[in-house]
Amino acid sequence: MKNEKRKLSSEQREEILKTLKARFEKNINRHKGLDWAKVQAKLETNSEKLWSLNEMEITGGEPDVIVHDKEAGEYIFYDCSAESPKGRRSVCYDREALESRKAHKPQNNAIDMAADMGIEILMEEQYRGLQKLGNFDTKTSSWVKTPTNIRELGGAIFCDRRYDTVFVYHNGAESYYAARGFRGSLRV
């Protein structure tokens, strides 16, 4: 997707900033010590990242700022929806997996969707970090970034939370389920 398409109208910008601010204030436990005014100032200077956050919102991710990486000078947002984002479910892991399916192909794949949105799919460690902030994916599951050696053998990994525990599982990368999507992160 070309950069010129990654722009929001002034109304869309205002709406996503309003939504993000309300979520920030409602979930202060996720980002203790952070100041919304500083987060907003950073967002207002980066229209492409704001566009990506809007895409996360549109697909049901409910993005929220998790931490400030002081060394990099960036705020990090994760999808914080209770369940895997609805607009990103029923997808296989990547393009290779999608193309390998002979029948009943899903509409898309997690890796390409994330790239098109300008976000990164969560790694297992990031997923576990998110779970320290609440109970996520108690009825759904989310693909996570799969190590190369597993992917080369045809597999992909996903996570969920059951029995108050985060589980990591494997599947063929070409599999897809109505209750499996992916969560993303964005550095601003």
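Predicted model: local features only at pLDDT ≥ 70, side-chain atom pairs only at ≥ 80, totals over all residues.
Residues are numbered from 1 along each chain, as its sequence is written. Local features need pLDDT of at least 70, side-chain atom pairs count only at pLDDT 80 or more, totals for chains, interfaces and linings use all residues, and side-chain values use heavy atoms, with hydrogens and water left out.

**Strands.** Select strand S8, residues 184-187 (strands are DSSP runs of E, at least two residues, numbered from the N terminus). S8 pairs in the antiparallel sense with S2, residues 74-79, over three bridges (two strands pair if DSSP finds at least two bridges between them). Within this region, Phe77 has Leu186 as its bridge partner.

**Cysteines.** Select Cys80 next. Its closest cysteine sulfur, in Cys159, is 16 Å away, too far for a bond. Cys80 is buried, with a relative accessible area of 3% (buried is under 20%, exposed over 50%, partly exposed in between, with a 1.4 Å probe and protein chains only). The structure holds zero disulfides (pairs of cysteine sulfur atoms within 2.5 Å).

**Rings.** Select Phe158 and Tyr169. Their ring centres are 5.1 Å apart and their planes are at 20 degrees, so the pair is stacked (centres within 6.5 Å make a pair; planes under 30 degrees apart are stacked, over 60 edge-to-face, the rest tilted). Phe158 is buried at 8% relative accessible area, whereas Tyr169 is partly exposed at 31%.

Technical notes:
Helix = DSSP H or I, 4+ residues; strand = E, 2+ residues; numbered from the N terminus. Phe/Tyr/Trp six-rings, centres within 6.5 Å; stacked < 30°, edge-to-face > 60°.
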